[in-house]
Amino acid sequence: MSKRRQSVYLGASSENDISKAKRSKKLTKDQEKTSLLNDCLKKAGLSLQHGDSANELSSSKASFQKKLCTILKNQVGDLLQNVDSFLQELTEYLEEPKRFHKSLMPCTMSSENENRGMAVPDSAVRLLLGVDVIQ
């Protein structure tokens, strides 16, 4: 496809707009790349927070670990392949120093579980190390 057709197709009026469109597609692919990590953790009950707020756990430690193990086992495809993908995405997530530091700090309990008198949860890294299939 020629550049002229590409710019008309994308609704861009210059080459600059085309490069911006390509970058936005790249961001979308990066977001898809971490979707397994985020989806599994959210389903199991751990929300990775942005900014300065601590990661939030919405269930007990044992419940989270059991759910995450079950979720990874029930994903489409081979268990070993799913765990490898999960760990690769986790490694990429933890490469940023702020995220790594926050993942080593204790999680907060969600407001609905604070009233139940549950113990103060561990850090996200410690929670993940307690999952059998990840070890």
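This is a predicted model: local features need pLDDT of at least 70, side-chain atom pairs count only at pLDDT 80 or more; totals for chains, interfaces and linings use all residues.
Colleague: How many helices and strands does the protein chain have?

Modeller: The protein chain has 8 helices and 3 strands. Along the sequence they follow the pattern α-α-α-β-β-α-α-α-β-α-α.

Colleague: What share of the 135 residues is buried?

Modeller: A residue counts as buried when its relative accessible area is under 20%. In this protein chain, buried residues make up 30% of the 135. The chain exposes about 9300 Å², with carbon and sulfur atoms supplying 50% of that area.

Colleague: How many salt bridges are there?

Modeller: The rule asks for a side-chain nitrogen of Lys or Arg within 4 Å of a carboxyl oxygen of Asp or Glu. By this rule the count is 3. One of them joins K61 and D122, at 2.9 Å from N to O.

Colleague: Which parts of the chain does the pair of K61 and D122 tie together?

Modeller: K61 lies in helix α4 (residues 61-74), while D122 sits in the loop between α7 (111-114) and α8 (124-129), so the bridge links parts 61 residues apart in sequence. Both residues are partly exposed: K61 has 39% relative accessibility, and D122 has 21%.

Colleague: With which other residue does D122 form a salt bridge?

Modeller: The partner is R126, with the closest N and O atoms 3.8 Å apart. Shared partners join K61, D122 and R126 into one network. R126 is exposed, at 56% relative accessibility.

Colleague: Which side chain does R99 meet in a salt bridge?

Modeller: R99 meets E96, at 3.7 Å from N to O. R99 is partly exposed at 31%, and E96 is partly exposed at 37%.

Terms used: Residues are numbered from 1 along each chain as its sequence is written. Side-chain values use heavy atoms; hydrogens and water are left out. Helices (H or I, at least four residues) and strands (E, at least two) are DSSP runs, numbered from the N terminus. Buried means under 20% relative accessible area, exposed over 50%, partly exposed in between (1.4 Å probe, protein chains only). Accessible areas come from the Shrake-Rupley method with a 1.4 Å probe; for residues, only the protein chains shown count as cover.
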